[in-house]
Amino acid sequence: MSIDDVLAELRALRESDLPTHGGRTLAYVYDSGLAEVGELGQRAHALASSANGLDPTAFPSLLRMENDLVATAARLLGGDERTVGSVTSGGTESCMLAVLAAREGAKQRTSTPNIVLPSTAHAAFRKAAHLFGLRAVHVAVDEKTFRADPAAMAAAIDDDTVLVVASAPSYAHGVVDPIPEIAAEAARRGVRMHVDACIGGWVLPYLRRLGDEVPPFDLAVEGVTSLSVDLHKYAYCPKGASVLLHADAQLRGGHYFASADWPGYTMLNTTLQSTRSGGPLAAAWAVVRYLGDDGYLRLARDTRAAMERIKTGIADIEGLRVLGSPNATLLAVTSEDGADFDLFTVADKMARRGWYVQPQFGHGSSPVNLHLTITAANHGDEDGFLTDLADAVAAAREAGPVVVAEEMRTLIAALDPDTLTAEQFEGLLRAAGLDVAGGLPDRMAQVNALLEAAPARLRERVLLEFLGLLYRPHRG
């Protein structure tokens, strides 16, 4: 194929994706609304994409850029001259490395390590516990505020605890946990404390400068030993780039890896990756240098204005309310008790109007809701979003709630995720309207209603099986 033909095919494939610019995809992507920022990131990525971060002595430019980004993050997030860090591929890798470093640092103390985390902590920590052989101790949060409970967190710490986790903010509800109280108890017990500021770390300091009451959350808090912040979120850098900060170099050593016992080069890794393209690192470095402190303050101001307008507007739509009291840039929107419409249908109706809002299933005291990630690109189009949301609610009310038949609920209740057969799985797919051969359904409300009726473990198993069907190479 010619170069033009290949690129034309790629453009055609991309037409079915969610839009990554324009503020209409309120999850997964972070848009500054500045075209030149995207262009700069692409150009910088291309300049360094062939460089390999595996060996900083071979590519010293990458070493310099990584140190620059870590230094900038440390200045922003309460670090001092002892603070060190690593640039990773994303928030999940940063969180996993924090867990790994904590496990390695406590090897002489315990052979059965655990991590203590609020039930609202990002699933990346459960993934880390699963992969690295730790036990995840889940602690219930306040049923109304969805913030971690310091007393309950303290009670969960035992002699095998190697890491305590809190969020700034939590993804699901956009609230900052009471980090000083939790960190103080962790320090008293001699346990490391990690703050997951992946989504909020690059915007909360600027919201504070704009006058918002942002709770203390960063490395300046006594007892906080590590913090993660994603550059591809509110630093508006291309994916994937994140920074993991440690209060000092001794804390970082546990996630470094070396292997000389083979005939090849001595492999030295600072992260989970070996080969690391210089593209994301250079793109992040370029964007952070271009925007600078004043640029990020302006973007935070725009994001804050969009957040406040959308939050206020949601309160004016009959049947909707915001969960908790978010103090960042994320909203969880649910329906009032007794509402005569279905939120999954609202999500479908918004998709028809060109907006992606992310359904979140019920968990504990948190009911089914729609997640909204507000970015600077939403500023100026708040009323358009609110008008379409009100219309989507009216359309969902007219359509009526999605009903899961009682016999289907009985079938779901009888299924065991550990013994789910191929026949049972295929039956669920058909009932949910998921036909991989025919593509994904245009309307997801019925699918989501069925998944909501399933216990979390069964939902995990069904979706993993479905994922396996999606990732099959085309044989044509």
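## Salt bridges around Glu 185

Glu 185 and Arg 188 form a salt bridge, with their closest N and O atoms 2.8 Å apart. Both residues belong to helix H7. They sit 3 residues apart, about one turn of the helix. This is a predicted model. Glu 185 is buried, at a relative accessible area of 18%. Arg 188 is exposed, at 62%.

Glu 185 also pairs with Arg 189. In that salt bridge the closest N and O atoms are 3.7 Å apart. Arg 189 is partly exposed, with 34% relative accessibility. Another network links Arg 103, Glu 104 and Lys 107 through salt bridges that share partners.

## A bridge between separate parts

The structure holds 19 salt bridges. One of them joins the side chains of Arg 135 and Asp 158, at 3.9 Å from N to O. Arg 135 lies in strand S3 (residues 135-139), and Asp 158 lies in the loop between helix H6 (150-156) and S4, so this pair ties together parts 23 residues apart in sequence.

Arg 135 is partly exposed, with a relative accessible area of 47%. Asp 158 is also partly exposed, at 30%. Side chains of opposite charge can pair when their charged atoms come close.

## Helices packed against H10

Two packed helices are described by the angle between their axes and the distance between the axes. Helix H2 (residues 35-48) packs with helix H10 (residues 278-315) at an angle of about 140°. Their axes are 7 Å apart. The crossing of H2 past H10 is right-handed.

Helix H3 (residues 60-76) also meets H10. The axes of H3 and H10 come within 10 Å and cross at roughly 50°. That angle makes H3 oblique to H10. H3 passes H10 in a left-handed crossing.

## Backbone exceptions

Most residues other than glycine have a negative phi, and most peptide bonds are trans. Where does the model depart from this? The peptide bond from Ala 168 to Pro 169 is cis, with omega near -5°. Pro 169 lies in the loop between strand S4 (161-167) and helix H7 (179-188). A cis peptide bond also joins Lys 239 and Gly 240, with omega about -5°. Gly 240 is in the loop between strand S6 (226-230) and strand S7 (242-246).

Tyr 236 lies in the loop between S6 and S7. Its phi is near 60°, a positive value in a residue other than glycine. Tyr 236 counts as buried, at 5% relative accessibility. Tyr 28 has a positive phi too, near 75°. Tyr 28 is found in the loop between helix H1 (3-14) and H2. Tyr 28 is partly exposed, with a relative accessible area of 46%.

## A nonpolar surface patch

Which residues make the nonpolar surface patch of about 450 Å²? They are Leu 464, Leu 467, Leu 470 and Tyr 471. Tyr 471 lies in the segment after helix H16 (456-470). Tyr 471 counts as exposed because its relative accessibility is 68%, and the cut-off for exposed is over 50%.

Technical notes: Residues are numbered from 1 along each chain as its sequence is written. This is a predicted model: local features need pLDDT of at least 70, side-chain atom pairs count only at pLDDT 80 or more; totals for chains, interfaces and linings use all residues. Side-chain values use heavy atoms; hydrogens and water are left out. Patches are made of residues with over 30% relative accessible area and no salt bridge: like charges are joined within 9 Å, nonpolar side chains (Val, Leu, Ile, Met, Phe, Trp, Tyr) within 5 Å. Accessible areas come from the Shrake-Rupley method with a 1.4 Å probe; for residues, only the protein chains shown count as cover. A salt bridge is a side-chain nitrogen of Lys or Arg within 4 Å of a carboxyl oxygen of Asp or Glu. Helices (H or I, at least four residues) and strands (E, at least two) are DSSP runs, numbered from the N terminus. Buried means under 20% relative accessible area, exposed over 50%, partly exposed in between (1.4 Å probe, protein chains only). Axes are lines fitted to C-alpha atoms, for helices over the stretch in contact, and angles run from 0 to 180 degrees between N-to-C directions. A crossing is left-handed if the near helix is turned anticlockwise from the far one by less than a right angle, and right-handed if clockwise. Angles under 35 degrees count as roughly parallel, over 145 as roughly antiparallel, 65 to 115 as roughly perpendicular and the rest as oblique.
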